Amino acid sequence: MYATTQRCVFCGTEYPLTHRGSCTRCAGPGEESALHETLAVQYDVAALKRQLDREELARRPSGLWRYRELLPVVDPAFCIDLGAGGTRLVPLTRISEAVEGLKLLMKVEGSNPTGSFKDRPIGVASSVALEQGARGLACLTSGNIGSAMAAVAAKAGVSALVLLLGAAGLADQGASVNVEKYVQISAYGAKVVTPIGNLGHLYVLADRIEAELGWSFLHNVQAYQSDGDKTTAFEICEQLGWQAPAAVFVPTGTGTNLFGLWQGFVLFKELGFIDTLPRMFAVQPVGAASLVAAWEAHQAIPAVLERIEPNLAPPISHRVGGYHAYKAMQESGGGAVAVADGDLLAALKDLAAYEGIYAELASAAALAGIRRALALGLLETEETRQVGIVGILTSHGLKNSLALTQVFSPPPKVEGTWEAVRSYLELKR
Ligand SMILES: [Zn+2]
């Protein structure tokens with residue numbers, strides 16, 4: 001095992017790998033703060049360099065555990081394998097920007113086993129939790145984390161409890177739960193409740209459940225979640241012929257995925273597997289864009305938003321983004337952009353109708369964000385036409401189709417005759 005410690009990216013304090021929760025010097029108990037998301041797993045890079053090279057990696061089957069030395073699980077018996085990772089990196093060819101010569105590629109994370117990128121961070125964090133002795137798994141989620149965790153728990157043969165929020169951070173505002181995600185989580189056999197209470201109360205409840213039952217609440221192993229997200233960056237580099245893209249656009253709520261991607265690129269560069277690093281851009285919904293506000297106002301630490309304005313992307317609507325993601329944006333020379341509901345819908349439709357990729361609306365923020373950055377002049381010509389820009393399509397459209405019934409009205413009833421169908425097609429031309 002090459003993982004050594006957990007280190008706070010804000011204050012530098014080191015913790016043993018068995019430490020649970022946030023940095024105790026930076027994060028207050030039970031509060032929502034950018035400093036709750038600061039711990040990162042450290043690796044013995046010198047030892048890894050002696051052990052691992054590009055040729056060895058390239059020989060292995062694709063997927064999460066292809067990178068086992070770069071992940072924090074000691075005993076392979078605890079590496080739960082549902083087939084996560086190994087997703088396609090698709091060059092766009094038919095949307096207007098691609099036709100005009102821009103080099104845009106999408107990492108299609110919706111093809112992971114439970115339909116979202118969460119199979120990577122939750123696969124790794126759950127494996128670590130079980131290796132450290134957890135007797136069950138629990139989480140607080142608006143859906144995708146719950147599906148990923150419930151599937152892993154099913155395969156590992158342990159109990160799972162999902163506290164399902166109406167929309168992230170809106171537990172006490174009466175938002176309705178996502179039906180598709182609830183059904184999927186239930187099918188895997190997890191117990192699901194919709195908790196009443198604000199996030200502060202729920203974190204206290206989470207700690208109590210851990211203490212009483214000996215289960216692991218996955219937000220208490222945050223560093224191991226972003227460690228799983230690193231594998232997305234590893235795959236992108238390999239798929240580009242051992243090169244990093246010029247920029248990566250990530251639909252961003254708390255920012256754990258963006259930070260994990262950044263750690264992955266940095267580790268590959270430290271190992272000498274790639275020569276350059278990409279600029280990291282967070283994409284957030286208008287009305288829930290704490291990282292955009294922080295970046296534009298040069299805040300030292302992203303401030304907590306007083307409230308979230310309603311939007312069509314609940315999975316990435318949080319009152320605050322993590323400091324770890326903010327630092328990654330800054331260190332990489334990237335930034336953050338906000339996109340409106342109309343931009344998300346246009347991106348979703350274009351990806352589906354021109355490229356054959358059906359992504360969840362929050363995921364379409366990747367393309368919407370690239371378009372926003374182009375409009376704002378944040379990307380250089382060399383980046384967009386030669387090196388290439390990658391968007392992370394975080395989850396599958398089937399995760400939330402019911403939300404689009406206002407956009408795609410029910411199909412018209414048409415007589416089953418050639419004349420009737422011909423007139424319908426002419427009408428639609
Ligand atoms: Zn700290």
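User: Which strands and helices are included in what covers the buried residues of H12?
Analyst: Helices (H or I, at least four residues) and strands (E, at least two) are DSSP runs, numbered from the N terminus. Buried means under 20% relative accessible area, exposed over 50%, and partly exposed in between (1.4 Å probe, protein chains only). The cover, where contact means heavy atoms within 4.5 Å, includes strand E4 (89–91), strand E5 (104–108), strand E12 (335–339), helix H13 (365–375) and strand E13 (389–393).

User: What kind of model is this?
Analyst: Residues are numbered from 1 along each chain as its sequence is written, and side-chain values use heavy atoms, with hydrogens and water left out. Local features need pLDDT of at least 70, side-chain atom pairs count only at pLDDT 80 or more, and totals for chains, interfaces and linings use all residues, since this is a predicted model.

User: How wide an arc do the buried residues of H12 cover around the axis?
Analyst: The buried residues of H12 are Leu-344, Leu-345, Ala-347, Leu-348, Leu-351 and Glu-355. They lie on the same side of H12, because their arc (taken from the directions from the helix axis to the C-beta atoms) is only 165°.

User: How far does H12 reach from its first C-alpha to its last?
Analyst: Helix H12 runs over residues 341–355, so 15 residues in all. The expected span of a helix is 1.5 Å times one less than its number of residues. That gives 21 Å for H12, and the model is close to it, at 21 Å.

User: How many residues of H8 are buried?
Analyst: H8 has 18 residues and reaches 27 Å, close to the 26 Å expected. Helix H8 is mostly covered, and its buried count is 17 of 18.

User: What angle does H8 make with E3?
Analyst: Three strands form an open, antiparallel sheet in the order E2-E1-E3, where two strands pair if DSSP finds at least two bridges between them. Strand E2 (14–15) and strand E3 (39–43) are at the edges, each with a single partner, so one side of each has no neighbour in the sheet. Helix H8 (residues 222–239) packs on this sheet, touching E1 and E3. With axes as lines fitted to C-alpha atoms (for helices over the stretch in contact) and angles from 0 to 180 degrees between N-to-C directions, H8 and E3 make about 60°.

User: Which residue in E3 is the bridge partner of Cys-8?
Analyst: Strand E1 (residues 3–8) and E3 pair in the antiparallel sense over four bridges. In E3, the partner of Cys-8 is Leu-39.

User: Which residue in E8 stands opposite Leu-163?
Analyst: Four strands make an open parallel sheet in the order E8-E7-E6-E9. Strand E7 (residues 159–164) runs parallel to E8, joined by three bridges. Opposite Leu-163 stands Val-193.

User: Which residue in E11 stands opposite Pro-251?
Analyst: Strand E10 (residues 247–251) and E11 pair in the parallel sense over five bridges. Strand E11 (residues 279–285) is mostly covered, with seven of its seven residues buried. Opposite Pro-251 stands Val-283.

User: How many disulfides does a search of the whole structure find?
Analyst: A disulfide is a pair of cysteine sulfur atoms within 2.5 Å. Cys-23 is buried at 0% relative accessible area, and Cys-139 is buried at 2%. The number of disulfides found is zero.
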